[in-house]
Amino acid sequence: MNAQEIKQLDQAHVAGTYGRYDAVLVSGSGARVTDAEGKVYIDFTAGIGVNSLGFCEPGWVGAVTEQAARLQHVSNLFYTEPGVHAAKKLLALTGMQKVFFANSGAEANEGAIKAARKYSYDKYGEGRSRIITLTDSFHGRTIATVTATGQDKFHRYFGPFVQDFVYVAAGSTEDLLAKIDEKTCAILLEFVQGEGGVNNLAPAFVEAVAQQCAQKDILLVADEVQTGVGRTGRFMAYEHYGVKPDIATVAKGLGGGVPIGGVLFGEKTAAVLGAGDHGSTFGGNPLVCAAADYVLSQMTPPFLADVEKKGAYFREKLTAMPGVADVSGLGLMIGIRLKEKTNKEVVDACLAEGLLVLTAGKKVRLLPPLNITQEEIDAGLAILSAVIG
Ligand SMILES: Cc1ncc(COP(=O)(O)O)c(C=O)c1O
């Protein structure tokens with residue numbers, strides 16, 4: 001099939017929930033991807049932070065294909081080996097105590113919300129179920145996680161919503177203190193808000209949140225779906241802030257391209273969910289866990305230091321571009337606020353020139369593969385510089 005035929009069939013048969021880029025991608029290697037017409041693009045998107053090791057990294061391909069040839073899936077009623085390895089590595093990298101494997105970020109957050117409410121129920125009884133989230137947050141598309149998402153544009157059409165979610169203005173300690181009450185059981189936040197515009201939370205605000213949580217036995221729940229698994233140059237973004245959440249969720253980059261998420265439980269919450277409290281047919285099957293295990297095996301201190309170094313290089317080059325107002329984010333999670341051009345103009349022009357970039361709010365967002373090479377970075381930045389000016 002040629003590109004035109006594929007696009008037409010997609011439009012005719014697939015629900016139109018995505019505003020797709022005008023490209024049919026067929027193969028990739030490293031941070032380069034080729035479309036159906038043979039055009040090659042530098043990829044600064046990593047499938048929205050998913051392909052942490054780029055396209056078809058040989059070790060990852062080996063791990064996935066080997067597992068697919070041995071045992072792709074059994075139900076969670078049985079023990080299997082890949083999940084044990086992935087879990088052990090995740091806990092060693094985070095210092096958390098237990099993990100529940102899910103299939104996506106939204107599903108991981110659903111698990112976190114359920115666990116937070118059960119923690120409170122077990123300890124304080126019914127009624128202490130309120131969850132604080134932040135304005136401009138994004139936590140997913142399921143009905144509970146879209147409720148948790150503090151952006152009105154996601155709330156049209158889909159009500160009634162899940163009860164007992166309260167939004168605090170991101171960064172406002174005053175609003176936080178006004179909205180915490182005796183019914184609050186958890187505060188759910190992204191340390192760098194991704195979809196909301198690559199907004200870094202202010203350290204003083206995070207400190208106030210952590211203090212309130214510790215004082216009032218409110219659970220601090222970190223949504224690390226986009227920021228986790230090395231994206232920010234530390235394994236988890238909370239490490240930049242010197243706080244330790246009670247629950248943390250990961251997904252996107254964990255499997256390097258296969259659907260896997262995780263809910264990580266700390267000391268307080270490790271025993272909250274017992275047999276029958278939660279589950280998922282596909283969650284943590286051998287195939288996705290083999291992929292995650294391989295991705296996690298790459299997350300060594302030198303690898304993470306390299307992510308930080310590359311992030312600093314991007315920032316230096318981007319801030320020197322005359323058309324850039326400022327650069328936000330951490331590590332290889334990068335938000336670019338433009339002076340004059342719109343982000344849509346930049347995305348379209350980059351696509352035409354052979355570079356894939358994303359948007360977030362009004363910004364251009366970059367989430368390149370974590371192992372992107374210097375040559376790939378420079379090739380992409382040259383296009384970006386010519387487009388942004
Ligand atoms: C911070 C955050 N949480 C949750 C989600 C939802 O993840 P998924 O699309 O895998 O359900 C996303 C997706 O963009 C995200 O960025």
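Start by selecting helix α5, residues 105-124: with 3 residues, this helix gives the most to the shell around the ligand. Keep in mind as you click around that this is a predicted model.

Now bring up the ligand and its surroundings. There are 14 residues around the ligand, and the ones that come nearest are Ser-104, Gly-105, Ala-106, Val-225 and Gln-226.

Next stop, a pair of helices. Select α3 (residues 58-70) and α10 (residues 286-297); their axes come within 9 Å and cross at roughly 155°. An angle over 145 degrees counts as roughly antiparallel, so that is how α3 and α10 lie to each other. As for handedness, α3 passes α10 in a right-handed crossing.

Show side chains where the two helices meet. On the α3 side, pick Gly-59, Trp-60, Ala-63, Val-64, Gln-67 and Ala-68. On the α10 side, pick Pro-286, Leu-287, Ala-290, Ala-291, Asp-293, Tyr-294 and Val-295. Colour this contact by class too, and you'll find 10 nonpolar residues, 2 polar and 1 charged.

Finally, zoom out and switch to cartoon view. The chain has 13 helices and 17 strands. Its radius of gyration is 21 Å, close to the 21 Å that the globule rule gives for 389 residues, so the chain is as compact as a globular protein of that length. If you draw a box along the principal axes, the C-alpha atoms fill roughly 60 × 50 × 45 Å.

Note on methods
Residues numbered from 1 in each chain as written. Predicted model: local features only at pLDDT ≥ 70, side-chain atom pairs only at ≥ 80, totals over all residues. Axes fitted to C-alpha atoms, helices over the stretch in contact; angles between N-to-C directions. Helix = DSSP H or I, 4+ residues; strand = E, 2+ residues; numbered from the N terminus. Parallel < 35°, antiparallel > 145°, perpendicular 65-115°, else oblique. Left-handed = near helix turned anticlockwise from the far one by under 90°. Contact = placed C-beta atoms within 7 Å. Nonpolar A, V, L, I, M, F, W, Y, C, P; charged D, E, K, R; others polar. Near = placed C-beta within 6 Å. Rg over C-alpha atoms; globule rule 2.2 N^0.38 Å.
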